[in-house]
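This report walks through one protein chain, from its overall plan down to single residues. Keep the structure in view while reading.

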Amino acid sequence: MTSSLTQGIKTVLHPVSDLATAKAVYAALLGVSPQTDSSYYVGFETEGQHIGLVPSGGPQSPNAPVSYWHVPDIEAKLAELTAAGATVKEPAHDVGGGRLVAAVTDTDGNVLGLIQDR
């Protein structure tokens, strides 16, 4: 099997119904203040992990936490995953700062996120 390696799960996004309350809870859990703090996204960096909070109900919000696998070549990984039976949920697109994200669902409907930093 030929495959491109991943760099592991480094990002997890959580849908939240109350961004302000969730921000306080996650700040207490992680022991750090958010590095990104806006009305549509709050992100924490700690111990090599990125924990993001996304208001639920928006067009980009997941309905359950989504783990994002960091990969060196997002298009190659999407091709490998779809060849193995996954379905593209969100094609690769730039979310700013040279970061590409995409998502697939496995055969049981679980969402697998992908991130490539350029």
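## Overall plan

Two helices and eight strands make up the secondary structure of this chain. The model is a predicted one. Read from the N terminus, the elements follow the order β-α-β-β-β-β-α-β-β-β. The radius of gyration is 15 Å, close to the 13 Å that the globule rule gives for 118 residues, so the chain is as compact as a globular protein of that length.

Along its principal axes, the C-alpha trace spans about 45 × 25 × 25 Å. Of the 118 residues, 35% are buried. Among contacts with a separation of 6 or more, 50% link residues 24 or more positions apart.

## The sheet

In what order do the strands of the open sheet lie? The order is E2-E3-E4-E1-E5-E8-E7-E6, eight strands with mixed pairing. E2 (36–37) and E6 stand at the edges. Each has a single partner strand, so one side of each is left without a neighbour in the sheet.

E1 and E5 are antiparallel and share four bridges. Here Leu13 has Val66 in E5 as its bridge partner. E5 (residues 66–70) then pairs with E8, this time in the parallel sense, over three bridges. Trp69 stands opposite Leu114 in E8.

Val104 has Leu112 in E8 as its bridge partner. Arg99 stands opposite Asp117, also in E8. The two strands form a hairpin with five residues between them. Gly109 lies in the turn and has a positive phi of about 90°.

On to the next pair. E6 and E7 run antiparallel and are joined by five bridges. Glu90 stands opposite Ala103 in E7. These strands form a hairpin too, with four residues between them. There, Gly96 takes a positive phi near 110°. Is E7 enclosed or open? Six of its seven residues are buried, so E7 is largely enclosed by the rest of the structure.

## Helix H1

H1 covers residues 19–30, which is 12 residues. From first C-alpha to last it reaches 16 Å, close to the 16 Å expected at 1.5 Å a residue. Which residues of H1 are buried? They are Leu19, Ala22 and Tyr26. Seen down the axis of H1, these buried residues fall within an arc of 60°, so they line one face of the helix. An α-helix has 3.6 residues a turn, so residues three or four places apart point the same way.

At the start, a side-chain oxygen of Asp18 comes to within 3.2 Å of the backbone nitrogen of Ala20. After the helix comes Gly31, with a positive phi near 75°.

## Helix H2

H2 spans residues 74–83, and its buried residues are Ile74, Lys77 and Leu78. Viewed down the axis of H2, they fall within an arc of 105°, so they line one face of the helix. Glu75 and Ala83 are exposed on the other side.

What covers the buried residues of H2? The cover includes E6 (87–94), E7 (99–105) and E8 (111–117). At the start of H2, a side-chain oxygen of Asp73 reaches to within 3.3 Å of the backbone nitrogen of Glu75. The helix is followed by Gly85, whose phi is positive, near 120°.

## Putting it together

Start with the sheet order, E2-E3-E4-E1-E5-E8-E7-E6. Then place the helices. For H2, the cover over the buried residues includes E6, E7 and E8.

Notes
Residues are numbered from 1 along each chain as its sequence is written. This is a predicted model: local features need pLDDT of at least 70, side-chain atom pairs count only at pLDDT 80 or more; totals for chains, interfaces and linings use all residues. Side-chain values use heavy atoms; hydrogens and water are left out. Buried means under 20% relative accessible area, exposed over 50%, partly exposed in between (1.4 Å probe, protein chains only). The arc is that of the directions from the helix axis to the C-beta atoms. Contact means heavy atoms within 4.5 Å. A polar contact is a pair of N or O atoms within 3.5 Å; within protein, one must be able to donate a hydrogen and the other to accept it, and residues adjacent in sequence count only if both atoms are side-chain atoms. Two strands pair if DSSP finds at least two bridges between them. The expected span of a helix is 1.5 Å times one less than its number of residues. The radius of gyration is taken over C-alpha atoms; the globule rule is 2.2 Å times the number of residues to the power 0.38.
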